[in-house]
Amino acid sequence: MSSLQTVKVTDIRNLVSVTLLPSPTINIIHGANGSGKTSILEAIYFLGMARSFRSLRIKPVVRNGQPAATVFGKVASEKANWSIGVSRDLESNFRIQINGESYKLTSSLASILPLQVINPDTFRLLEGSPKDRRQFLDWGVFHVEHRFLDVWKRLQKAMKQRNALLRHGKISGSLLEVWDQEFAQNGKLIDEFRKKYFDLLNPVFDKAIQNLCGVEGVQLTYQRGWDKESDLSDVLIRSLSRDSEAGYTQWGPHRADIRVRYKGVAAVDSLSRGQQKIVVCALKLAQGMLFSSLNNHGCVYLIDDLPSELDFQHRQRLCQLLETMNSQVFITCVEKDSLGSIWSPNTEVKMFHVEHGTLIEDAAEDLEQHLRSAGAAVLP
Ligand SMILES: Nc1ncnc2c1ncn2[C@@H]1O[C@H](COP(=O)(O)OP(=O)(O)OP(=O)(O)O)[C@@H](O)[C@H]1O
Ligand SMILES: [Mg+2]
């Protein structure tokens, strides 16, 4: 498994300078509202993605009054060790360093530190737009299919060019043919990658949801973004006049989606909030399970406020599943007792207490308290 061995955070939100030495398995980060728990997860995400999961802009993420946010980390797996560092200033310029060398692409970080986030935004997998579900699917495809990024970029370029021609009314001629061909060729490849990955993910999802228990009958279906019977090149020709009226390409892999249905009705319309959380957790866990089995190492889970919306039994099942997953997990909660005693004795669980942006490991905190009271006893 690959895991973070050290994380050093400087100037993210209310975290001035925080060093975390996590367990390779389960890490619980607890503390009062506003203490800095989500900011710790945000910092780890920043290390793997060079951006926040809470804000598209960097300014709110950088600690007030500071010029930049920086996170360093050491990642170890059976195969290799990496030292990675990410820094971003208020103008959004970023610096990425991997083992002392500078990199420009965040995708280099993502392959070293594959991350999965479960937080209130994860509900978007059910209630959000198809884009949210495409991004979810493409996370997996990116990690298993090395051609994905290149093909995806070519597809984006072809679509941009084609749309520009459509908007300018240039709907005949060899230029459109060239971009149609490029779009169709790469679009078909993206669909193949996605379909292949989805077929692997689907049974793993069934298993995950069975293990979490409580919502039988949830079904996923992959929709590729154009009709099942037609070739994408034919679809482009057929829809040319309507595309031209609309000014953009209406059918293609940019319209793909995963449908999540419960007993034939959209899950978002038929499940309770807690049941929806079980479904989105099962989707996220399934992806990590599949990732582990295909890559021989696990991804890192960032789980914000796990107890919310889940009853004790489902919380327990989720934690049991996480324990078996060969993944490093960071979980936040307000009350440490809500998650403290849920783990098997063989699992290495570390607990950290966050207070006003400082972090202290519970064992060290206990020792400090013990020393303080021992000191008090010998003092006059
Ligand atoms: N740019 C910033 N600079 C300094 N402090 C900030 C900045 N942005 C947010 N904060 C503060 O950082 C603190 C920590 O926020 P965070 O969301 O991490 O808390 P939390 O422990 O997750 O709380 P909750 O339990 O309510 O989710 C908050 O008090 C917030 O006001
Ligand atoms: Mg929070």
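A salt bridge is a side-chain nitrogen of Lys or Arg within 4 Å of a carboxyl oxygen of Asp or Glu. By that criterion, Arg13, Glu42 and Arg54 are linked in a network of salt bridges. The structure discussed here is a predicted model.

**Salt bridges**

The structure holds 19 salt bridges. Side chains of opposite charge can pair when their charged atoms come close.

| Pair | N to O distance |
|---|---|
| Arg63 and Asp11 | 2.8 Å |
| Arg162 and Asp243 | 2.9 Å |
| Asp227 and Arg238 | 3.3 Å |

Arg63 and Asp11 meet in a salt bridge. This pair links distant parts of the chain, 52 residues apart: Arg63 is in the loop between α1 (37-49) and β4 (68-76), and Asp11 is in strand β1 (residues 3-12). Arg63 has a relative accessibility of 22% and so counts as partly exposed, while Asp11, at 9%, is buried.

The side chains of Arg162 and Asp243 also form a salt bridge. Here two helices are joined, with Arg162 in α5 (residues 148-167) and Asp243 in α8 (residues 240-246), 81 residues apart in the chain. Arg162 has a relative accessible area of 0% and is therefore buried, the limit being under 20%. Asp243 is likewise buried, with a relative accessible area of 0%.

Asp227 sits in the loop between β9 (218-223) and α7 (232-238), and Arg238 is in helix α7, eleven residues apart. Asp227 is partly exposed, with a relative accessible area of 33%. Arg238 reaches 54% and is exposed, because the cut-off for that class is over 50%.

**The six-stranded sheet**

An open sheet is formed by six strands in the order β8-β12-β13-β3-β14-β15, with mixed pairing. Strands β8 (115-118) and β15 (358-361) stand at the edges; each has a single partner strand, so one side of each is left without a neighbour in the sheet. On average, neighbouring strands of this sheet are turned by 20 degrees against each other, direction ignored.

Glu355 has Thr358 in β15 as its bridge partner.

At the β8 end, helix α10 (residues 273-295) lies across β8 and β12 (300-303). The helix runs at about 170 degrees to β8.

**Surface patch and backbone**

Helix α10 also includes Leu294. Together with Val144 and Leu200, Leu294 makes a nonpolar surface patch of about 210 Å². The relative accessibility of Leu294 is 40%, so this residue counts as partly exposed.

Two residues other than glycine have a positive phi. In Asn99 the angle is near 45 degrees, and in Glu309 the angle is near 75 degrees. Asn99 is found in the loop between β6 (94-98) and β7 (101-103). Glu309 is placed in the loop between β12 and α11 (312-323). Asn99 has a relative accessibility of 44% and counts as partly exposed; Glu309, at 40%, counts as partly exposed as well.

Key
Residues are numbered from 1 along each chain as its sequence is written. Chains are lettered from A and ligands numbered from 1 in the order in which they are written. This is a predicted model: local features need pLDDT of at least 70, side-chain atom pairs count only at pLDDT 80 or more; totals for chains, interfaces and linings use all residues. Side-chain values use heavy atoms; hydrogens and water are left out. Two strands pair if DSSP finds at least two bridges between them. Helices (H or I, at least four residues) and strands (E, at least two) are DSSP runs, numbered from the N terminus. Axes are lines fitted to C-alpha atoms, for helices over the stretch in contact, and angles run from 0 to 180 degrees between N-to-C directions. Contact means heavy atoms within 4.5 Å. Patches are made of residues with over 30% relative accessible area and no salt bridge: like charges are joined within 9 Å, nonpolar side chains (Val, Leu, Ile, Met, Phe, Trp, Tyr) within 5 Å. Accessible areas come from the Shrake-Rupley method with a 1.4 Å probe; for residues, only the protein chains shown count as cover. Buried means under 20% relative accessible area, exposed over 50%, partly exposed in between (1.4 Å probe, protein chains only).
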